[in-house]
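This report describes selected features of one protein model. Please consult the sequence and the structure shown here while reading.

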Amino acid sequence: MARERTNKGVNKWLFRLFRIETMVLLLGVLILFMQLFSKPFTGVADNGDFLRIMGSIGLDYGTPGESYEDRFFNFAHREFAYNQFFRGFYLSSQLLLVAAARTAGWLWNSMYFDIRVLAIIYSCLLLSAAYTLVAYYKRILVFNDNKSWMEPRSTVQPLNLSKAVATALMAALLLFVFFDIGYTAYFNSLYGEPVSQIFLLLVCALGLKLALENEPRPNMLLLFYVCILFLIGSKTQNAPIGLGFALLGVRYATIYSERGWRRLAYVLATVTAAASIILYMGAPREFKQINLYQTVFFGIMKNTSTAKADLQKLGLPEHLSVLAGTNYFEAGTAIKQDASSMKADFYDRISHSDVMKFYLKYPSRLFDNLQAAAAYGTAIRPYYLGNFEKSEGRSPRELSFVFSSWSELKYKYLPKQLWFMLLVMGLGAVIAIAEWLRAKRKQHRVAAELFFLIAVLALFSFIIPVVGDGMADLSKHLFMFNVAFDVLLLALISWFMFRLARFVK
């Protein structure tokens with residue numbers, strides 16, 4: 001009898017160990033260890049953005065006397081010095097994660113902060129997202145007997161061969177895409193990009209789970225909106241997408257009739273909308289000035305032969321045409337970017353609403369800039385920032401290609417054309433609408449709406465950097481677009497697999 005119980009316990013343990021989602025977890029740990037926690041150290045060099053976080057959270061550069069090029073652009077850094085908090089302040093949800101890592105790092109080593117402590121936090125969150133997505137996909141979405149892709153089985157059936165193969169394929173794609181070094185190298189840095197990636201994946205997993213459960217739990221709804229707040233708060237350019245998730249929250253309020261649920265959903269949707277507005281309006285004045293300069297002179301006027309006419313249309317003095325094609329950080333401009341005259345001539349006379357009006361009146365100019373931006377739309381990583389420490393003896397700006405197949409394939413072989421990106425986003429939106437029309441229950445329609453929102457998010461994440469910051473550093477500013485685009489690609493593959501299986505059946 002005791003042996004029988006032991007055998008059952010062993011079998012149960014082996015079953016859990018060899019579940020696909022558990023295998024994803026184990027393989028994910030192995031991939032992240034090879035990329036981030038083994039020799040040589042791999043991160044992303046600073047382009048100047050680290051200062052925003054370091055000034056707020058009490059960190060500083062850890063290598064005194066290094067050259068400008070070595071500190072910025074050439075090499076990544078593993079060690080940072082501790083310093084006073086709030087030497088400046090940059091409002092970002094990333095601060096909470098970096099503060100947790102700084103506290104843990106100081107307890108471990110009070111001499112210097114090891115950036116890999118932060119990478120551990122990011123890695124745990126990414127592994128949680130991957131595990132949840134695969135477990136959810138296996139349980140509900142693959143090869144069910146319902147007509148709609150979004151509708152789960154009424155009961156969970158044993159794992160059959162076709163379902164196992166399909167789930168294993170989707171799990172492999174999830175690892176292949178989102179554990180690529182183009183994404184994960186950011187974990188060993190102070191950039192906000194990992195927060196965008198990880199929390200979008202968590203939002204997708206939790207959002208679908210909530211929409212398809214018969215009796216969703218309030219604590220899951222709260223966790224879902226916490227992830228949304230981290231997502232929209234990670235970078236100023238992400239703030240506007242909170243309004244879309246707030247509208248979706250109103251829809252989540254309708255999927256369950258319990259009064260407490262509905263009240264909580266409405267409150268969280270309202271908080272998300274308010275946070276979205278506050279985060280956008282609360283951006284530091286200095287950043288707004290930089291963005292406006294880039295938007296006008298390095299966006300609208302970057303490659304134009306009608307600079308004076310463009311300035312006149314924007315209500316700006318014609319003598320500023322000498323700045324056409326320059327960016328805010330460029331030295332030796334005819335008029336210095338922070339000159340006192342620029343305040344009256346430019347910064348006090350222009351806003352992003354004026355830029356939007358210009359593009360709405362002359363849509364061909366926006367289309368031309370979006371087409372130019374598409375050349376950077378397949379680059380997950382910034383190829384001008386080094387990945388290695390100088391002490392490793394590597395060349396300046398040298399990159400790591402450990403587990404980089406997806407980022408290289410995407411960068412080299414996917415069409416760098418606006419039509420291709422619009423095609424994928426449009427296809428995602430059309431399929432979401434088709435599933436919405438096919439679905440019979442309100443919950444399943446909300447799931448289709450979440451899918452539709454991802455397509456809209458990808459589109460906005462492509463347009464916002466161009467309208468909000470011109471053509472500056474697009475290989476980094478289009479990071480959120482790349483994440484949403486890749487989520488959309490995997491969702492489309494999932495949908496086609498389901499439809500193919502039904503056709504074969």
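Is the crossing in which helix 13 passes helix 15 left-handed or right-handed?

## Helix 13 against helix 15

The model is a predicted one. Helix 13 passes helix 15 in a left-handed crossing. Helix 13 covers residues 285-300 and helix 15 covers residues 340-347. Their axes lie 12 Å apart, and the packing angle is about 65°. Angles of 65 to 115 degrees count as roughly perpendicular, so helix 13 is roughly perpendicular to helix 15.

On the side of helix 13, the contact is formed by Arg285, Gln289, Leu292, Tyr293, Val296 and Phe297. Helix 15 contributes Met342, Lys343, Phe346 and Tyr347. By class, the residues of this contact comprise seven nonpolar, one polar and two charged.

## Helix 17 against helix 20

A further helix pair is formed by helix 17 (residues 363-373) and helix 20 (residues 442-469). These two helices pack at about 110°, and 10 Å separates their axes. Helix 17 is therefore roughly perpendicular to helix 20. The crossing of this pair is right-handed.

Helix 17 supplies Leu366, Asn369, Leu370 and Ala373, which meet Phe462, Ile463, Val466 and Val467 of helix 20. The contact of helix 17 with helix 20 consists of seven nonpolar residues, one polar residue and no charged residues.

How many cavities of 30 Å³ or more does the structure hold? There are four cavities of that volume. The second largest cavity has a volume of about 60 Å³.

The lining of the second largest cavity includes Tyr90, Leu91 and Ser92, together with the run Ile232, Gly233, Ser234, Lys235 and Thr236. Leu279, Gly282, Ala283 and Pro284 also line the second largest cavity. Classified by residue type, this lining has six nonpolar, five polar and one charged residues.

## Backbone features in loops

The peptide bond from Lys39 to Pro40 is cis, and its omega is near -10°. Pro40 belongs to the loop between helix 2 (20-37) and helix 3 (50-57).

Phe73 is a residue other than glycine with a positive phi, near 80°. The loop that holds Phe73 runs between helix 4 (68-71) and strand 2 (79-82).

Note on methods. Residues numbered from 1 in each chain as written. Predicted model: local features only at pLDDT ≥ 70, side-chain atom pairs only at ≥ 80, totals over all residues. Heavy atoms only, no water. Axes fitted to C-alpha atoms, helices over the stretch in contact; angles between N-to-C directions. Helix = DSSP H or I, 4+ residues; strand = E, 2+ residues; numbered from the N terminus. Parallel < 35°, antiparallel > 145°, perpendicular 65-115°, else oblique. Left-handed = near helix turned anticlockwise from the far one by under 90°. Contact = heavy atoms within 4.5 Å. Nonpolar A, V, L, I, M, F, W, Y, C, P; charged D, E, K, R; others polar. 1 Å grid on protein atoms, 1.4 Å probe; cavity = no way out; pocket = protein on both sides within 12 Å on 5 of 7 lines; lining within 4 Å. Points joined across faces, edges and corners; volume = space filled by probe spheres on them.
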